[in-house]
Amino acid sequence: MDSLLILGGTRFIGRATVEEFHSAGYDVTIFTRGNRPNPFRGNDAITHLTGDRTDRSAIEEASRQVNPNVVVDCIAYHPEDVRVATDVFEDVSAYVYISSSGVYPDDINPKREDDTRIRECTPEQATDDSQETYANRKAEGDREVFRAANRGVNALSVRPCLVYGPHDYTQRLNYWINRIETYDRVVVPGDGQHLFHRVFVRDLARALRVVAERGTPGEAYNAADRELYDLDTLLTAIARELNRDVEFVHATERDLAAGNLTVDDFVCYRDYNHVLSTEKLAKLGWDMTSIDEAIAETVETHLENDIGGGKQSFPREKESRVIDHIDRTDPR
Ligand SMILES: NC(=O)c1ccc[n+]([C@@H]2O[C@H](COP(=O)([O-])OP(=O)(O)OC[C@H]3O[C@@H](n4cnc5c(N)ncnc54)[C@H](OP(=O)(O)O)[C@@H]3O)[C@@H](O)[C@H]2O)c1
């Protein structure tokens, strides 16, 4: 039986990845520090090893114990993490690094793996811990993958866009699900046609397996929905799933200012579009779950877990001020 060692594995993407590889018949071992609860506790099929991935001897020990065919790295946040892992796991049939679509410059669309340049990373950025350098560090991690492949390691990279689905601790769709569930009129920044590529967590987990099994070492693969919903279409799909008839009130930056809000206060919205080419992964035989099906599961787990608006929410009162302002100044 093939074996998977997953660095991480207990929260969101790692959790779905464990389920994906396990269902595909792999022997699965997860490797975490043991700070977070292990959702697979009590499941004899999923082995848990404890250690810190920044300690080389700990992942060497995990490598010896598991002797994995495949390694999926969910927790490489610094290029050094990837460099060490590609050294320790130099003999596996696939080491798959979870990179990010943030490696591409914001203003280029669509973002193509082999044509679009990726961000630079200075030595200072490479060891920094702040969110500002996250994308630079992820890009340098990709370059570590390419360097490792050049010396014969079966290292590959997957670049997910915004990931959503059950157990998303970043709680990105929770804001919108909660607003649509609770109010008849919901403020949407811009004209509703904003494009920001997303991927359902189970589809990403499948992408990681497909890339491990069929990908070419030294290559990077975008992971993004094959079908792209603009913001209004996404929100309409959520409303449909909740059986709600909601008016989406489109607001300009000036309208938002009436509630002391900016576009940056809205989760899933940026002041640029973010679209990825999805051909390369599809050519490996990967396909997506329909967005409506993915939204249905996301909404269902949101309701079961009673998350409310999530940590990215802001008071409704600010939104009400924007709606009042629009009603007064622009009776559409
Ligand atoms: N969410 C998105 O939209 C998105 C988009 C693009 C890329 N990504 C990438 O996806 C990955 C995140 O996936 P995830 O957090 O959902 O993965 P996960 O594998 O489900 O969760 C991460 C697990 O790793 C463990 N961990 C953290 N630091 C560790 C360390 N130093 N040593 C050992 N274990 C450690 C944590 O448990 P303990 O605390 O118990 O150790 C945690 O349970 C990241 O690489 C991120 O850059 C995410």
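This briefing covers selected helices, loops and residues of one structure. It is a predicted model, in which local features need pLDDT of at least 70 and side-chain atom pairs count only at pLDDT 80 or more, while totals for chains, interfaces and linings use all residues. Residues are numbered from 1 along each chain as its sequence is written, and side-chain values use heavy atoms, with hydrogens and water left out. Helices (H or I, at least four residues) and strands (E, at least two) are DSSP runs, numbered from the N terminus.

- Asp 203 is found in helix H7, residues 201–214.
- Asp 203 has a relative accessible area of 0% and is therefore buried; buried means under 20% relative accessible area, exposed over 50%, and partly exposed in between, with a 1.4 Å probe and protein chains only.
- The side chains of Asp 203 and Thr 289 make a polar contact at 2.6 Å. A polar contact is a pair of N or O atoms within 3.5 Å; within protein, one must be able to donate a hydrogen and the other to accept it, and residues adjacent in sequence count only if both atoms are side-chain atoms.
- Leaving aside neighbours within four places in sequence, Asp 203 is in contact (heavy atoms within 4.5 Å) with Asp 225, Trp 286, Asp 287, Met 288 and Thr 289.
- Asp 287 lies in the loop between helix H10 (279–282) and H11, and counts as partly exposed because its relative accessibility is 46%.
- Beyond its neighbours within four places in sequence, Asp 287 is in contact with Asp 203, Arg 206 and Arg 226.
- Asp 287 and Asp 225 are 62 residues apart in sequence, and their C-alpha atoms are 8.3 Å apart in space.

**Helix H8**

- The twelve residues of H8 (residues 231–242) should span 16 Å at 1.5 Å a residue, which agrees with the 17 Å between its end C-alpha atoms. The expected span is 1.5 Å times one less than the number of residues in the helix.
- Buried residues in H8 include Leu 231, Leu 234, Leu 235 and Ile 238.
- The cover over the buried residues of H8 includes helix H6 (174–182), strands E8 (185–189), E9 (198–200) and E11 (247–251), and helix H11 (291–305).
- At the start of H8, a side-chain oxygen of Asp 230 comes to within 3.3 Å of the backbone nitrogen of Asp 232.
- After H8 comes Asn 243, with a positive phi near 55°.

**Helices H6 and H11**

- H6 and H11 pack at an angle of about 75°, with their axes 11 Å apart. Axes are lines fitted to C-alpha atoms, for helices over the stretch in contact, and angles run from 0 to 180 degrees between N-to-C directions.
- The two helices H6 and H11 are therefore roughly perpendicular to each other, a term for angles of 65 to 115 degrees.
- Asn 174, Ile 177, Asn 178 and Glu 181 of H6 meet Thr 298, Val 299, His 302 and Leu 303 of H11 in this contact.

**Helix H12**

- H12 (residues 316–329) has 14 residues, which should span 20 Å at 1.5 Å a residue; its end C-alpha atoms are 20 Å apart, which agrees.
- Arg 316, Glu 319, Val 322, Ile 323, His 325 and Ile 326 of H12 are buried.
- These buried residues of H12 pack against H6, E8, E11 and helix H9 (253–257).

**Backbone features in loops**

- The peptide bond from Asn 109 to Pro 110 is cis, with omega near -10°.
- Pro 110 sits in the loop between strand E5 (94–98) and helix H4 (123–126).
- Asn 67 is not a glycine, yet has a positive phi of about 50°; Asn 67 is in the loop between helix H2 (56–66) and strand E4 (70–73).

Technical notes:
Angles under 35 degrees count as roughly parallel, over 145 as roughly antiparallel, 65 to 115 as roughly perpendicular and the rest as oblique.
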